[in-house]
Amino acid sequence: MIRKSARPWLLIAATLSLWSTFRPSPAPAQTVSFVRSDIAAGFDHPIAVAVGDFNADGLQDLAVANHDSNTVSVLLGVGNGDFQEAPQSPIAVGTTPVWIAVGDFNGDGKPDLAVANVNSDTVSVLLGNGDGTFQAAQTFAVGDGPTSVTAGDFNRDGVQDLATGNWFSGDVSVLLGIGNRTFEQPASLPSGVSVISPVVGDFDGDGKLDLAVANYSNNNISVFWGNGDGTFQQPPLIVPSGGALPNGVVVGDFDGDHKLDLAVANSGNPNLIPPDPGNVAVLLGNGDRTFQAPQTYAVGHTPLTVAVGDFDGDRVPDLAVANFGDSDPKVGDPGNVAVLLGNGDGTFQAPQPFAVGTNPQFVAVGDFNGDRVDDLAVANFGDKTVSVLLNATVKGPTITTQPVSQTVTAGQPATFSVSATGTAPLSYQWQKGVTPISGATGASYITPPTTGGDNGALFRVVVSNAAGSVTSTAATLTVNSPPTITTQPASQTVTAGQPATFSVSATGTAPLSYQWQKGVTPISGATGASYITPPTTGGDNGALFRVVVSNAAGSVTSTAATLTVNLPPTITTQPASQTVTAGQPATFSVSATGTAPLSYQWQKGVTPISGATGASYITPPTTGGDNGALFRVVVSNAAGSVTSTAATLTVVLPTLSSLSLSPSTVTGGSPSTGTVMLSAPAPSDGVAVSLSSNKPSVASVPSSVTVLSGARTATFTLSTNPVGTSTLVTISASYGTVTLTANLTVAASSGDVTAPILSLPGNMVVTATSLLGAIVTFNVSATDNVDPSPRVRCTPPSGSIFRIGITTVTCTATDAAGNVRSGSFLVTVVRP
């Protein structure tokens, strides 16, 4: 090959004069025929052709690479084998386009084109608009001298990727699609000398796409095993191409073993003596990363490309080969297309040549006239035309799927179908017995609603076309009467431990079979017209029993019969003893089973509690008098009653938890404020805490202070008398068994002995604004006869969060001489 030659891959079209090769003995010969028409639409040495529906009209179109004008022509099919050039055609691409692949590279569901440009070392991607036009080419760099391109999803991301065979750099470039019209930088797979015609397939059956590519100058094929992530194993498997200078590769299953095979167009070597005109070699895949030895077929002079199709309608893959021809005057071969019909076992019949334009370079397969038979499109490099070969092979009808006997229920129609192959159009005539059925002229026939008189009737079909007719085997119609239930199963009521009997009566074509169900679950062994249950339990209560009656014509399901099993109540969870703080309610609960409805009556001791008739009972707020009370419940239904065990109520009274004085040092004659706190909220009647002073002549307290219901604290005022010397006084607070003490220091009076005057708000009631309570603000002030600004402090301070309940706010005013006056008020936060 010459570097950057204008037609590097056409040097294979050298003078060839004599050729021969070996091929297996063919099966009985069949013939195919085509009707040729040539398109000359301003092509400039067309070198490749691809097939796709570029304007979404359901008709196949053509894309043609123009070697010398650096363009791609788009021809839109009109449905009868003719084509018209698309708007904007031809479309500019890179330098010297030589190969076209069709794919959806941006995921919009519209076919796009990828074009290998051999002399610009690029691939041009033309994104389709879906109307036969394409966007301007996007260019992506690949290896040196890309002669071919193919598409596949190599990393299994749902986005199509590209692979090019690079003639001069001897490698394959893999471009992974990103899905947004672009591709990643190409990865290089070294292959051989003069790389061309990469193809995609899963040759080893591992679910990952592999690549096969021809090494033109090495006379072999490289197979790269895909890893499924866009990379390929190296080095590749090298297999012989079966001939000289392989130029085109295709993939197919030629022997029907569900393992992919290869067919290679070997263009031949004119320098041999005698010259080698080339061949087509078939390499059958073993599915285990090996291939069988090539089987070769002489097809014509200089075969360049090969395509797979079914040209004789036998559902066996055939081959079509573009033979470039030989310009040697002694040979004088302008080229042709050869068709090799497959035998289905990996061998092919003798080639049948068909004339096309001069020097056919590329052959592609499509259905260009909508007759569901494969046609051919050929790019003729020599005379700058594209030949369209419409398949005109006439094949007699063959029934591939015979009508199947049908069994239906009386009143239903029956459907008989046949599948046949052969040259279209095929016509059908169904028969009942041997009598044609009027209007029954399709591949399927639906009878009128059947009757008993149709039972045993035979149906067949005659399939015809211009080449002859064939009659199917006869299918038998069986008409059955389905079962009908005449007496439905009746609901049953029994006592626990007794069995229940359910029965049904039905008619229909014998034999009738029965299958009883509990709910929707078949009952093992319950296959008679009656069913007797095992001894019943409470778990069977409410169960539904039905029966399915069946015969050959169908089945019918009875209505459901309900089983009622009466059970006396049983307590499954006894009431639990409860411990609460005085003032709180207590909740007792019971769980019981038995036939509904269950009724409940709670008792305190042995006395029924009015209105306590649920599975749970909540007491009123408790008092100390409730301590030790017993609670039980009687559960009843129509079958009896049961009394629960007794649960004990323990009522805990709060204890005294703290005593504090504020301030703890005062000047004789000044007051102090004491605060008592309980371990829990006071019960409904409150808690009286006893108070005492060990020196009442110095500091006196009230005899008691009451913590109101629901509150935990209460305050009291200590009154002091002037003393000559500082005196320590012990204050005691007692409730129940707990006595707490706190010390107060009464200082000697001197100078200013008058305490400030404290101005307090009245008791406050506010509504909670959250689960925490409410933020409460208030104003407290003080005046003094000497100190103009006595210090005022409150606990808790204004602006604090006050919890739900009653809180005592204690405030003190202290003047400069240390005289203190205290006071308090209540803040009650109620629930909204």
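Is F631 buried or exposed, and with what relative accessible area? In this predicted model, F631 is buried, because its relative accessible area of 3% falls under the 20% that sets the limit for the term. Y617 is likewise buried, with a relative accessible area of 12%.

A search of the whole structure finds 22 aromatic pairs. One of them joins F154 and F232, whose ring centres lie 5.5 Å apart with the planes at 70°, so that the pair counts as edge-to-face. Since F154 belongs to the loop between β11 (146-152) and β12 (161-166), and F232 to the loop between β17 (220-224) and β18 (237-240), the pair ties together parts that are 78 residues apart in sequence. Both F154 and F232 are buried.

Y617 and F631 also form an aromatic pair, this one tilted, with 6.1 Å from centre to centre and 35° between the planes. Y617 lies in strand β56 (residues 616-618) and F631 in strand β57 (residues 630-637), so this pair links parts that are 14 residues apart in sequence. Elsewhere, F416, W430, Y445 and F459 form one aromatic cluster.

Turning to the sheet, the reader can follow 4 strands in the order β70-β76-β75-β73, which make up an open sheet with mixed pairing. At its edges stand β70 (764-767) and β73 (791-795), each with a single partner strand, so one side of each is left without a neighbour in the sheet. From one strand to the next, the twist averages 25°. Strands β75 (residues 805-814) and β76 (residues 820-830) run antiparallel and are joined by 10 bridges; the bridge partner of T812 in β76 is S822.

How values were computed:
Residues numbered from 1 in each chain as written. Predicted model: local features only at pLDDT ≥ 70, side-chain atom pairs only at ≥ 80, totals over all residues. Heavy atoms only, no water. Phe/Tyr/Trp six-rings, centres within 6.5 Å; stacked < 30°, edge-to-face > 60°. Helix = DSSP H or I, 4+ residues; strand = E, 2+ residues; numbered from the N terminus. Buried < 20%, exposed > 50% of the residue type's maximum accessible area, 1.4 Å probe, protein only. Pairing = 2+ DSSP bridges. Axes fitted to C-alpha atoms, helices over the stretch in contact; angles between N-to-C directions.
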